[in-house]
Amino acid sequence: MGVTFTGCGAAAPKTVVLNDALAQVVDTSDEWISSRTGIRQRHISNDRESLAGLATQSALQALEMAGVAAADVDLILLATSSSEDLFGTACQIQAQLGATNAVAFDVTAACSGFVFGVVTAAQYLRTGAYQNALVIGADLLSRWVDWNDRNTCVLFGDGAGAVLMQATAGEDRLLGFEIRSDGSQNCCLNLAFKSELRELVPGVTLTQGKYQYITMNGKEVYRFAINRVPDAIDKVIHKANLTSADIDWLILHQANQRIMDAVAQRLQISAEKVISNVAQYGNTSAASIPIALNEAVRSGKVQAGDTIATSGFGAGLSWGAAIFNW
Ligand code: ACO
């Protein structure tokens, strides 16, 4: 069995926050943010816009494009690092979609989550275990950003994006993948739990606490991204028996325009082939690749049969690349 990609969708909160507005919150400027990152605005969720709600909207669009009923979905993978429930959010999406026959669970791999999700879903489809899999990337990192920290708060935004993947007896459209982790650099990017000691009964001490805000060593993450990502994509290009000239579109995790430009340059992929919407959304973590893919498909940029190289990278540290035909 092979894999095809037959639908996509995306959703973002209504509220748009411009760089100038952030300059009222922290000591920054539109000039600094846009020149260092390419970001001009981001969407920020309010109390009526939930992770599950946005993810469900994006999934419904993907199902509609593919012409597949919710009842026919076998698997829902939600890539997220900002679950509304530590037990997982995917089952809420299953209920909201009415996908009563689907098994649903979360995949946590930060900004690599969508690529890891696609690769995971492909294993179930290729073995013939399942026919229809929804892979959703969704994150509301505005909830986990320290809005007093100008090093991080200007970077992130909220959103969700989805693809429907289907098993096929025909041509396998997932041409290759490479997924990697390096926990030795874990401290570069965290959303960590901080515990406090509590003595339950004499002699029994337990730990309880809360999640902290995102902390990041921006320079290290930047260095990591521009080294690891081109290397991973290059490996997948070779595995797929392609050359970089065969790539029609490069859709990278939308973290920073400078990272996207540097990766494209290293791979000798021309700037016109780089799909970017980081200016409008900021870094939406696991959602950024499917949001960018959805816009490119619906605008007619990406056509059926086009070859797309994609890569997610971020906390873990983790990174992954995949090449597929749309
Ligand atoms: N506004 C104004 N000045 C700022 C801001 C800001 N928002 N943020 C930092 N600065 C200041 C710094 O304090 C520093 O000042 P100093 O020289 O007086 O100390 C100066 O600007 C330069 O800071 P640098 O950190 O050197 O800036 P750099 O050019 O490295 O850009 C950035 C920072 C944009 C964060 C870059 O390092 C980057 O993009 N890193 C990758 C981050 C990333 O992609 N993270 C997401 C990973 S995805 C995930 O898994 C969640």
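Helices (H or I, at least four residues) and strands (E, at least two) are DSSP runs, numbered from the N terminus. The views below show a predicted model, in which local features need pLDDT of at least 70, side-chain atom pairs count only at pLDDT 80 or more, and totals for chains, interfaces and linings use all residues. Residues are numbered from 1 along each chain as its sequence is written, and side-chain values use heavy atoms, leaving out hydrogens and water.

**View 1. Helices H3 and H4 pack at an angle of about 55 degrees.**
Look for H3 at residues 51-66 and H4 at residues 90-97, with axes 9 Å apart. Each axis is a line fitted to C-alpha atoms over the stretch in contact, and angles run from 0 to 180 degrees between N-to-C directions. H3 and H4 are therefore oblique to each other (under 35 degrees is roughly parallel, over 145 roughly antiparallel, 65 to 115 roughly perpendicular, and the rest oblique).

**View 2. Residues of H3 meet residues of H4.**
Here contact means heavy atoms within 4.5 Å. H3 brings Ala-52, Gly-53, Ala-55, Thr-56, Ala-59, Leu-60 and Leu-63, while H4 brings Gln-92, Ile-93, Gln-96 and Leu-97.

**View 3. The largest cavity has a volume of about 50 Å³.**
A cavity is a set of points, on a 1 Å grid over the protein atoms alone, where a 1.4 Å probe fits but cannot get out; lining residues have an atom within 4 Å of a point. Grid points are joined across faces, edges and corners, and the volume is the space filled by probe spheres set on them. Searching the whole structure gives 1 cavity of 30 Å³ or more.

**View 4. Phe-114, Val-115, Val-118, Ile-289, Thr-310, Ala-322 and Phe-324 line the largest cavity.**
H5 supplies the largest share of this lining, 3 residues.

Definitions and conventions. On a 1 Å grid over the protein atoms alone, a cavity is a set of points where a 1.4 Å probe fits but cannot get out, and a pocket is an open set with protein on both sides within 12 Å along at least five of seven lines; lining residues have an atom within 4 Å of a point.
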